[in-house]
Amino acid sequence: MPAKLVETKHLGTSKDRIAALERELMQLRREVGLLRGLVGEVDRKVSAKAAEEELVEYRGALFRRKVTGGFHEEVYCPSCRQPMRSPQNELNFNCRNCQTWVNIKGHELPEVMDKLRRFDRR
Ligand SMILES: [Zn+2]
């Protein structure tokens with residue numbers, strides 16, 4: 001039965017093609033997975049770098065730069081980078097997250113911010 005033989009052969013060829021395509025698909029999926037991982041890693045590094053440049057150290061504390069220039073009137077922890085609070089606006093700023101204290105009191109903040117702005121002028 002020559003017709004049947006041709007058909008079987010054709011099917012065999014299709015199966016081979018499908019198998020080859022499936023292998024190729026698996027390979028491409030692996031590569032996409034690897035590339036996604038790399039992109040994620042680069043993305044994290046760029047974000048970390050940008051966040052680092054955004055924060056400026058002054059008098060032992062960190063201050064966040066505004067995109068439009070100047071600084072946000074908030075003190076950030078030099079250890080964990082979380083916002084710090086000054087109890088009653090009189091005591092030194094401290095971090096509730098990691099208990100770090102800095103040598104700036106709440107009522108000194110406007111003066112510190114003013115000096116920081118002048119210090120930062122380039
Ligand atoms: Zn902290």
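Student: How many bridges join strand β3 to β4, and do the two strands run parallel or antiparallel?

Tutor: Strands count as paired if at least two bridges are found between them. In this predicted model, two bridges join β3, residues 92–94, to β4, and the strands run antiparallel. One of the residues to look at is N92, whose bridge partner in β4 is K105.

Student: What do β3 and β4 form, and how many residues lie between them?

Tutor: They form a hairpin, with six residues between the two strands. In the turn, Q99 has a positive phi of about 65 degrees.

Student: Which residues of β4 are on its covered face, and which are on the uncovered one?

Tutor: V102 and I104 make up the covered face of β4, while W101, N103 and K105 make up the uncovered face.

Student: Which residues make up the largest nonpolar core?

Tutor: A nonpolar core joins buried nonpolar residues through C-beta atoms within 7 Å. Here the largest such core has 11 residues: A61, L62, F63, V75, Y76, C77, M84, F93, C95, V102 and I104. Two elements, β2 (61–64) and β4 (101–105), each give two or more residues to this core. The largest share, three residues, comes from β2.

Student: Which residues does C95 touch, leaving out those up to four places away in sequence?

Tutor: C95 touches C77, S79, C80, Q82, M84 and T100. Of these, C77 and M84 are listed with C95 in the largest nonpolar core.

Student: Let us turn to V112. Where is its place, and why is it classed as it is?

Tutor: V112 is in helix α2, residues 109–120. A residue needs 20 or more other C-beta atoms within 10 Å to be buried. V112 has 19 and is therefore partly exposed.

Student: Which residues is V112 in contact with, beyond its neighbours within four places in sequence?

Tutor: V112 is in contact with R59 and I104; I104 belongs to the covered face of β4. For a separation in space, take V112 and E73: they are 39 residues apart in sequence, and their C-alpha atoms are 9.7 Å apart.

Student: Finally, how does one read the chain as a whole, and in what order do its elements run?

Tutor: The protein chain has two helices and four strands, which run α-β-β-β-β-α from the N terminus on. Of its 122 residues, 9% count as buried. Among contacts with a separation of 6 or more, 22% are between residues 24 or more positions apart.

Key. Residues are numbered from 1 along each chain as its sequence is written. This is a predicted model: local features need pLDDT of at least 70, side-chain atom pairs count only at pLDDT 80 or more; totals for chains, interfaces and linings use all residues. A residue is buried if 20 or more other C-beta atoms lie within 10 Å of its own, exposed if 12 or fewer, and partly exposed in between; C-beta atoms are placed from the backbone. Two residues are in contact if their C-beta atoms, placed from the backbone, lie within 7 Å.
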